[in-house]
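This briefing accompanies the sequence and the model shown below.

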Amino acid sequence: MVDESTRKTLSSIPLLQTKAGPRDKELWTTRLKEEYQALIKYVQNNKAADNDWFRLESDKTGTKWFGKCWFVHNLLKYEFDLEFDIPITYPTTAPELALPGLDGKTAKMYRGGKICLTDHFKPLWARNVPKFGIAHAMALGLGPWLAVEIPDLIEKGVITYQEKTEDAK
Amino acid sequence: MAPSTDWDEIKRLAADFQKAQLSSTAQRLSERNCVEIVTKLIELKLIDVIFTTDGKEYLTSQQLTKEIKDELYVHGGRINTVDLAKELSVDLNQINASVADIVRGKEVQLVSGYLIANYYLEKIAREINEKLQLQGQISVGELTLQYDLPAELLQHNVLEKYLGKIIIGKQDSSEPRTFYTEEYITRTKAKIRGALMGLLKPTPVTVIINHCNLADRLFMSLFDQLNAPGVLTGRQAGALYVPSCYTKSQNDWVVSFYKQNNYLEYDALSRLGISDPKGYVRRIFPNEDIKFLSTCAIGSQIMEQLETALEECVISKSYLDVVSLLPSVLSSTDIENVLDSLLKNNSKSTTLFDNTVFSNNYIESLKQSCMSITQKKAEEAVKSGKYQQFYLEKQLSKSADHSQGQVDQKAERREERRRKAASGKGGGGTQGRETKTKAVKKHQRSSKQAANDSDSDDASNVTKKSQTTLEIITVDDVEDIIKETLENEGLDDLITQIAEYLQGSLNQTALSIAKETADKLLQDANQSRKQTHSSSQDKINILVNDIKLYEKGLKFFPPDQQTQFIKYLLKTLGGDILAEFCKYAANQCNLSVQVDDLSVEQRNKILKDLSDEYKKPLAALNATLSEQNVELFYQAVDVCLSECGMILKKVDKKKDKILIQNHREKLIAELENCDDPALSLHMAVLAIFTIVTQNMLHASGRQVPAIMAYLKAHVKEDHFEQLQQCQELVTKYLTAPEEEKADFEDKLKELLPALKSTVQEIKKQK
């Protein structure tokens with residue numbers, strides 16, 4: 001199950017109402033609006049809690065998303081690229097988040113850097129269609145994955161800190 | 001239009017999203033950072049703060065003090081420092097440090113981990129007062145439990161401080177930890193008074209206290225203020241309350257009982273709850289002369305009564321059964337004690353048997369009634385020789401004392417064993433009294449076995465004593481005599497005892513009587529011995545004289561005939577002399593001679609028994625009798641006489657004549673009275689011989705013809721013929737057969753007067 005803080009975070013993200021995929025023209029816009037609203041809220045919440053951990057933007061149609069996410073371990077910030085597409089069957093199918101930088105570095109990952117989400121995530125998502133959106137996927141999927149995997153990977157020496165690589169941003 | 005607006009909106013939202021993502025991250029410091037920063041600051045001693053136990057808050061010490069004070073107020077003025085630490089989530093050490101600051105301010109004090117403000121104490125005082133008013137009584141101990149505060153604090157800082165201000169009541173002077181209200185005291189007093197008034201018998205104080213639900217101490221202190229109708233036996237918890245009405249009724253009962261009965265039983269007194277009866281009686285009757293015995297006290301009245309009765313008994317010469325005059329509760333030892341003291345003055349005139357006092361006079365009268373039999377028995381004893389035998393044995397035993405000692409020892413040991421056995425039996429016996437009384441007294445407790453025992457005792461005593469005392473009169477004898485008298489008086493059970501008592505003195509009397517009698521007898525014997533001495537001497541004198549005279553007479557006969565006469569003379573008169581000697585000697589030797597005339601056998605027997613001094617001469621005399629020599633006989637007689645201390649009187653010639661005359665007259669007188677023809681002839685012949693020869697003759701009938709032959713020459717013819725005829729007839733008569741005797745007798749009888757007259761005639765002629 002998800003832990004207490006995750007649940008708390010989750011509950012503060014507004015739920016979505018429209019069940020529509022990218023093919024559904026009119027309705028997709030509505031859905032996309034709701035996605036944005038949820039994401040804004042989630043980011044705002046994160047910032048308020050001093051827990052900002054990703055940057056995300058999409059193309060015009062809102063079917064392709066990309067950005068960065070980071071994790072602070074021992075006062076060092078490890079940053080990774082993040083990208084994913086909205087699948088055709090969305091929102092029935094959850095988006096497959098991918099960290100291409102970590103591809104081949106951990107067993108808990110599919111080809112192309114798609115993270116291997118926990119057994120809990122998928123049923124949880126299935127139960128909450130169409131209420132869950134991208135924001136939920138981030139909070140429920142990537143957040144816990146990073147928290148578990150990154151310290152492990154750092155420990156193994158798979159990942160090393162890169163001094164100020166993205167500082168320009 | 002709609003889709004375009006939608007897309008615009010989406011764009012705008014995407015922009016917002018970006019804006020939201022880029023805007024506000026930088027300025028926010030996370031909690032973690034803050035903690036780190038503050039820790040750093042504290043490390044650098046730039047700030048002085050206290051952090052809470054959960055580490056989420058920081059406090060300055062001023063804030064802590066303030067918070068503690070607030071907490072204290074919130075908790076009503078009392079709070080535990082540990083609770084405070086929890087409440088404020090501050091380390092206990094920090095709390096303690098700031099508490100020390102707070103306590104310095106005098107408003108608050110720290111008592112065994114509690115912070116206590118003065119207003120809290122005031123509040124308690126108020127509560128206590130309420131409680132006190134409600135209960136009437138309160139103790140520090142109780143409060144200590146209730147408030148969980150030290151007694152010391154409550155005592156000094158609350159109760160005593162606010163007493164009279166907030167707490168309205170009174171401190172117990174004897175117990176400073178207890179406080180009362182006035183009403184409570186009054187109420188309690190009333191309660192106690194009520195209880196004490198109601199009590200009629202001695203009651204333990206604890207019972208009263210439990211009943212009234214009071215404290216010991218309070219009861220004791222209040223009791224003194226109450227003027228209670230009674231007294232306490234002590235100040236301890238185990239004391240008794242004795243109501244005065246009880247004491248009074250107790251005293252009344254004792255006094256009235258004593259007045260009525262004149263004695264007091266200790267048991268009865270202790271049943272009334274008097275623990276020291278003797279002391280009590282002494283206290284109640286300080287002026288009375290009371291005698292204290294083992295189970296009761298007796299008043300002087302009873303003693304006086306007893307004394308009077310005793311005097312009366314002495315005067316009236318009767319007896320007094322003490323038991324009937326004494327209260328029935330007295331034990332036998334008590335009775336003994338009373339009697340002891342009573343008889344101390346009077347013992348001379350009384351005798352005590354069991355519990356009955358007899359005046360000596362009464363006993364004396366009983367004794368008197370036994371005197372006759374005593375006398376009789378004593379005399380019997382003397383007569384039968386028992387006494388003399390006993391006396392002799394006693395004499396003997398003195399010499400044999402040595403050997404007897406052993407016997408005595410043995411006897412004593414046996415006695416002792418018997419006594420032990422007897423007392424042992426007594427101890428296990430049915431009557432407790434028996435063990436108390438002396439062993440001597442057991443006799444009158446006439447259970448059969450005891451009686452048997454005593455009998456056997458007596459028997460053994462007799463056998464044992466037989467060497468020291470002779471029992472002339474036995475207990476049974478005495479019993480028989482006094483039995484009737486005593487039974488009439490209803491004193492059956494004392495018979496044996498009295499009899500034993502009497503027997504002792506009676507036996508003594510009997511012994512003395514016996515002794516007297518025996519002495520008298522001895523004296524008599526001595527006197528008679530003296531008399532026999534002279535009479536024997538006289539008799540022997542006479543006999544010797546007679547013999548001499550007869551000897552003279554027989555000189556008239558021819559010598560060949562003389563031996564016959566001498567033989568007869570010695571045999572008869574000599575025998576008499578010997579008999580006389582024998583009698584005398586027997587007397588001297590204390591041999592009893594009952595008969596006056598001794599046969600030859602008797603003489604011989606006596607001779608054998610005689611003591612040596614007499615035996616020899618008398619035996620010699622006896623020997624001379626069988627010989628026909630008068631001279632020898634005389635010599636033997638002389639020896640005997642000297643041995644017997646007798647003398648032979650000189651023969652008086654004149655007296656001889658008178659003797660002969662007397663003899664002659666006697667013969668004639670006898671002849672006159674004689675009817676037997678043979679004897680008449682014999683006497684006539686002897687008389688004529690005496691007349692003719694002026695000498696006496698002693699001859700037997702067989703010698704009559706010899707005398708006749710002699711007389712033939714001296715008497716007239718016709719007289720002789722008559723004698724001749726008479727003699728023939730007598731000879732025939734004596735030799736004749738039985739059937740013819742009557743004829744001759746008749747004839748002789750015819751001749752007798754003639755014969756007698758012949759003798760007279762011859763006498764006249766001379």
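Within chain A, confidence is highest in strand β2 (residues 64-73) of chain A, at a mean of 86, and lowest in helix α1 (residues 4-11) of chain A, at 75. These values are pLDDT, the predictor's confidence in each residue on a scale from 0 to 100. The model is predicted: local features need pLDDT of at least 70, side-chain atom pairs count only at pLDDT 80 or more, and totals for chains, interfaces and linings use all residues. Residues are numbered from 1 along each chain as its sequence is written, while chains are lettered from A and ligands numbered from 1 in the order in which they are written.

**Confidence and overall make-up of chain A**

- Chain A has a mean pLDDT of 80, with 93% of its residues at 70 or more.
- Where pLDDT is low, predicted coordinates should not be read in detail.
- Chain A holds 4 helices and 5 strands; these are DSSP runs numbered from the N terminus, helices being H or I of at least four residues and strands E of at least two.
- The order of elements in chain A, starting at the N terminus, is α-α-β-β-β-β-β-α-α.
- Of the 169 residues in chain A, 33% are buried (20 or more other C-beta atoms within 10 Å of the residue's own; exposed means 12 or fewer, partly exposed in between, with C-beta atoms placed from the backbone).
- Among chain A contacts between residues at least 6 apart in sequence, 47% join residues at least 24 apart; a contact requires C-beta atoms, placed from the backbone, to lie within 7 Å.

**Strand pairing in chain A**

- Strands β2(A) and β3(A) run antiparallel and are joined by 10 bridges; two strands count as paired if DSSP finds at least two bridges between them.
- Across this pair, A:Trp65 stands opposite A:Phe84, and A:Lys68 stands opposite A:Asp81.
- The hairpin of β2(A) and β3(A) has 2 residues between the strands, and A:Asn74 in the turn has a positive phi of about 50°.
- Strand β1 (residues 54-58) of chain A is joined to β2(A) by 5 bridges, also in the antiparallel sense, with A:Phe54 partnering A:Cys69.
- In the hairpin of β1(A) and β2(A), 5 residues lie between the strands, and A:Gly62 has a positive phi near 80°.

**Annotated residue and cis peptide bonds**

- An unreviewed UniProt entry annotates A:Cys116 as "active site"; UniProt positions follow the numbering used here, feature names are shortened, and annotations may be inferred rather than shown by experiment.
- A:Cys116 lies in the loop between β5 (114-115) and α3 of chain A, and counts as partly exposed because it has 13 C-beta neighbours inside 10 Å.
- Beyond its neighbours within four places in sequence, A:Cys116 contacts A:Lys108, A:Met109 and A:Tyr110.
- A:Tyr90 and A:Pro91 are joined by a cis peptide bond with omega about 5°; A:Pro91 is in the loop between β3 (76-85) and β4 (109-110) of chain A.
- A cis peptide bond with omega about 5° also joins A:Val129 and A:Pro130, and A:Pro130 is in the loop between α3 (121-127) and α4 (134-156) of chain A.

**Chain B and the interface**

- Contacts between the chains involve 16 residues of chain B and 17 residues of chain A.
- Chain B has an open sheet of 3 strands in the order β12-β14-β13, with antiparallel pairing.
- Strands β12 (263-265) and β13 (291-292) of chain B each have a single partner strand, so one side of each is left without a neighbour in the sheet.
- Two of these strands, β13(B) and β14 (residues 296-298) of chain B, pair over 2 bridges, with B:Lys291 opposite B:Ile298.

Terms used: Contact = placed C-beta atoms within 7 Å.
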